[in-house]
Amino acid sequence: CFILLLFLLGTMAISSCGSKNIVMSSPTLADYFPMQAGKYITYRIDSTLPTQFGADTTVRSYRVRDTYEAQVTDNLGRKAWRVFRSISNLAGTSAYVPNNTFSATPVGEDWVEWNENNLRFMKLRFPIQEGFVWKGNSFIDATSINSPVRYLADWEYTYQNVGQPFTVGGKTFPNTITVLQRDEVLPEGPFNASFYKQWNYSIEVYAAGIGLVYKNFDHKVWQPPVPPPDSRAGYWEDGSYRIVLTYIDHK
């Protein structure tokens, strides 16, 4: 019995160590979301917006640069990084001018928070493992009746293709992670301009040692035409938009 007890205890210890090793084998969040003063990433940005009266959409393309300017203290008293976005023409031949300001906050080793237009996104979450799921928009009020971003409610972020190569902008990154944030069509089925339709799709790819190298965010709502006597043409709702960020270079 004593020998059997020792065997069982040893088996439990090995099992316990094995479980810990599985978690500890995860890369750190900083591996895929490095932050330091002076670091920048340059992207091509393709922005799709409704035209006048929402009858159609148009695509505008620019070059943007996100630069980590300095460490600051955010409004929750945490150490964060201030990130400046500047914008140039697509060729990058015009001077970069200020366009927006974000903040990136490493919350211990647990998650990386990104604050954009007062919306707090939990971009990455530990551990980085295939299929790991978390509520990335849980800090955002997306459920109250007056919320302008109700479409962000209850998104489940999922790690995919952990450690796999990814090609973007003509460059292949050997070690990346993909975060699928949402892939939703309401109602399901093909688009028919005679009926209401909503799309919510969002995916981001992070490269080891660099950060975000690709982003595709698509939210659009189609309101169908109204027949006589009210007679209104179909249109894309205000607030419909698509943003695609494609890596160009970094420092």
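Tyr-68 is buried, as is Trp-81, where buried means under 20% relative accessible area, exposed over 50% and partly exposed in between, with a 1.4 Å probe and protein chains only. This is a predicted model, in which local features need pLDDT of at least 70 and side-chain atom pairs count only at pLDDT 80 or more, while totals for chains, interfaces and linings use all residues. Residues are numbered from 1 along each chain as its sequence is written, and side-chain values use heavy atoms, with hydrogens and water left out.

The rings of Trp-199 and Trp-236 have centres 5.7 Å apart and planes at 45°, so this pair is tilted; rings of Phe, Tyr and Trp (its six-membered ring) pair if their centres lie within 6.5 Å, and planes under 30 degrees apart count as stacked, over 60 as edge-to-face and the rest as tilted. Because Trp-199 lies in strand 10 (residues 197-207) and Trp-236 in strand 12 (residues 235-236), the pair ties together parts that are 37 residues apart in sequence; strands here are DSSP runs (E, at least two residues), numbered from the N terminus. Both Trp-199 and Trp-236 are buried. By the ring rule the count comes to 18 aromatic pairs, and one of them is formed by Tyr-68 and Trp-81, edge-to-face at 6.5 Å centre to centre with 70° between the planes. Ring pairs also link Phe-33, Phe-102, Trp-114 and Tyr-206 into a cluster.

Turning to open space, the largest pocket has a volume of about 940 Å³. Pockets are found on a 1 Å grid over the protein atoms alone, as an open set of points where a 1.4 Å probe fits, with protein on both sides within 12 Å along at least five of seven lines, and lining residues have an atom within 4 Å of a point; grid points are joined across faces, edges and corners, and a volume is the space filled by probe spheres set on the points. Of the 45 residues that line the largest pocket, Arg-85, Glu-116, Lys-215, Tyr-241 and Ile-243 are the closest to its centre.

The second largest pocket holds about 190 Å³ of space, and its lining includes Val-72, Asp-74, Trp-114 and Arg-120. Strand 4 (97-107) and strand 5 (111-116) are the elements that give two or more residues to this lining, and strand 5 gives the most, with three residues.

Methods. Helix = DSSP H or I, 4+ residues; strand = E, 2+ residues; numbered from the N terminus.
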